[in-house]
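Here is a short report on a protein model.

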2 protein chains.
Amino acid sequence: MEFSFLTMGTASALPTANRYPSAHILTVRERLFLIDCGEGAQMQMRKFGVSFAKIDNIFISHLHGDHLFGLFGLLFTMAMGGRTADLHIYAPGGFGKILSFFMDQFGEGIKYNIEFHPISCKEPLQIFDSRQLEVFAFPLVHRGETYGFLFKEKEPQLNVRKHLIEPYKLSLYDIARLKEGKDIVRSASFIDDDGTEVEYEETLKNEDFTYLPYKPRSFAYCTDTLPFKRLAGWIKGVDLIYHDSTYTKEFEELAKTTLHSTSEAAACCAKEAGAGKLVLGHYSSRYKSLDTMLSEAREVFPSTELAKEGMKFEIELEKFKE
Amino acid sequence: MEFSFLTMGTASALPTANRYPSAHILTVRERLFLIDCGEGAQMQMRKFGVSFAKIDNIFISHLHGDHLFGLFGLLFTMAMGGRTADLHIYAPGGFGKILSFFMDQFGEGIKYNIEFHPISCKEPLQIFDSRQLEVFAFPLVHRGETYGFLFKEKEPQLNVRKHLIEPYKLSLYDIARLKEGKDIVRSASFIDDDGTEVEYEETLKNEDFTYLPYKPRSFAYCTDTLPFKRLAGWIKGVDLIYHDSTYTKEFEELAKTTLHSTSEAAACCAKEAGAGKLVLGHYSSRYKSLDTMLSEAREVFPSTELAKEGMKFEIELEKFKE
């Protein structure tokens with residue numbers, strides 16, 4: 001029941017010898033979701049043992065090269081690997097033209113179907129829905145159309161508190177209804193003092209007889225962006241945030257003009273959202289050491305970590321007891 | 001007076017965790033020439049300490065992704081680095097459309113001038129000419145228009161054998177002519193037995209009074225290609241060859257159908273060309289060990305080496321003595 005975020009590229013526009021352009025893998029149980037696909041993503045995936053075949057969905061935040069230029073090689077490599085399954089790509093509308101040009105020029109050997117889902121929203125919008133997971137896109141503030149993504153596990157089916165329902169001798173139908181979150185209303189009777197049977201309507205309130213087996217987990221991807229107030233509200237209570245952290249406070253003005261965030265701004269967002277953990281990334285190439293970046297964020301939001309190529313941030317499954 | 005070949009990507013179409021797509025640097029004295037630019041080239045360049053600013057010329061052998069997909073990120077990074085110098089790109093004609101599309105979609109921040117030189121030839125053709133170096137393109141046999149490249153240092157100006165010319169008391173003009181490779185024809189005289197002055201025409205043959213200070217060096221880039229007979233003739237006497245070596249002999253048939261070479265075929269080419277050294281590369285991802293690849297080539301051409309990411313093959317300057 002894995003739910004983890006693997007950072008494979010923590011550079012901003014300029015990669016360095018050790019920092020690659022943006023590309024990350026969110027693993028939700030057996031499924032892998034590729035988030036952004038900067039140059040070198042496929043080599044990083046090989047390096048960190050990511051299975052290409054388990055990726056059916058790719059999310060591109062915006063159409064800047066450092067978030068996109070690894071995609072063409074990957075699409076080609078997937079074809080060479082014998083892929084037949086459909087591949088879904090979620091990206092701003094302008095990607096359609098880029099994909100068409102790529103397929104026209106280089107797509108000869110690509111036989112599998114690529115389905116492009118253009119994103120367009122001003123508020124959080126569900127763009128992916130499966131039995132266990134839904135993904136919402138929301139607009140960020142950056143040059144050109146840019147979206148963040150919120151990945152949310154769905155609430156699992158409820159468990160029933162067996163020792164509590166036993167005395168009621170419920171039918172399988174009623175138990176199924178409890179698991180679906182419904183109350184049970186049924187006629188019952190008791191024998192009165194004078195020996196007569198009194199019928200009445202009995203309600204078994206769902207909350208008294210069921211519990212969530214575990215807490216659904218969530219992850220928010222927020223880069224590239226200038227900090228803005230509404231963001232925290234859109235990702236309220238999220239377990240893990242990966243946030244633009246291009247600069248330290250010293251370069252706050254530069255962050256503003258380039259529409260990026262400082263680590264402190266990222267931390268304010270995480271605090272305001274009541275997040276479980278914050279992971280910083282998308283560092284400017286000017287930083288060799290990221291100590292200041294980290295300490296400035298931790299002053300605001302202690303549960304902050306630095307992303308690094310190959311690091312995996314796991315969200316443990318929090319099970320509830322009967 | 002460096003003349004060296006740095007291999008930064010030895011993979012064929014499928015990169016692995018350690019092998020990157022094709023990208024190489026030929027250093028000729030202070031100038032760097034980028035040959036092919038597969039995905040991740042700019043990260044490899046950072047890793048191996050290659051100066052982006054020293055690259056003014058990029059040679060693309062053919063328009064397959066594994067030789068090209070690193071170019072877009074590099075062009076952008078050069079712009080971010082403040083480049084103002086013109087950049088020259090030599091590639092098959094189809095590249096023009098790709099460059100136009102890239103500049104249209106992603107080129108906003110690229111202010112320096114990119115000059116595209118389309119290559120088209122059936123025989124070796126000079127495509128670059130400077131004071132010290134010339135580059136020839138020649139057609140290879142592969143899917144789509146594909147070219148190899150021959151880099152040749154020009155013959156340096158001749159040195160004069162000072163102790164031999166001293167008795168002749170030559171003018172500076174005549175010395176300059178000797179250095180340019182010309183003979184000196186001049187009138188001279190001697191005193192005959194009877195005391196009369198006899199005039200005659202004296203020829204100082206260039207070869208008797210001059211010598212090459214060093215041997216001009218050369219390098220041939222031959223990938224991707226099916227082996228073919230004329231190739232060796234076109235690169236006769238070359239010091240160093242980098243040659244397509246996608247397969248071992250076991251997969252000779254596959255090499256034929258995919259229009260690639262075995263290491264043995266590469267060795268035959270090097271032997272036939274009378275090359276100084278052969279470097280193998282462009283390995284299929286099926287090979288973890290390259291021992292067989294190497295031994296099969298060395299049986300034909302002992303002076304064979306395996307390319308590896310970050311390896312530099314230097315051609316020492318061979319100085320001649322007076």
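Chain A can be laid on chain B with an RMSD of 0.2 Å, by a turn of 180° and a shift of 0.1 Å along the axis. That is the relation of a two-fold axis. The same surface serves both copies: 100% of the contact residues of chain A recur in chain B. Two residues are in contact if their C-beta atoms, placed from the backbone, lie within 7 Å. Of the residues of chain A, A:G40 comes closest to the rotation axis, at 2.5 Å (C-alpha).

This is a predicted model: local features need pLDDT of at least 70, side-chain atom pairs count only at pLDDT 80 or more, and totals for chains, interfaces and linings use all residues. Residues are numbered from 1 along each chain as its sequence is written, while chains are lettered from A and ligands numbered from 1 in the order in which they are written.

Now turn to strand 16 of chain B, residues 277-281. Helices (H or I, at least four residues) and strands (E, at least two) are DSSP runs, numbered from the N terminus.

Why is strand 16 of chain B largely enclosed by the rest of the structure? Because 4 of its 5 residues are buried (20 or more other C-beta atoms within 10 Å of a residue's own, C-beta atoms being placed from the backbone).

Key:
Buried ≥ 20, exposed ≤ 12 C-beta atoms within 10 Å, placed from the backbone. Least-squares fit on C-alpha atoms with pLDDT ≥ 70 in both.
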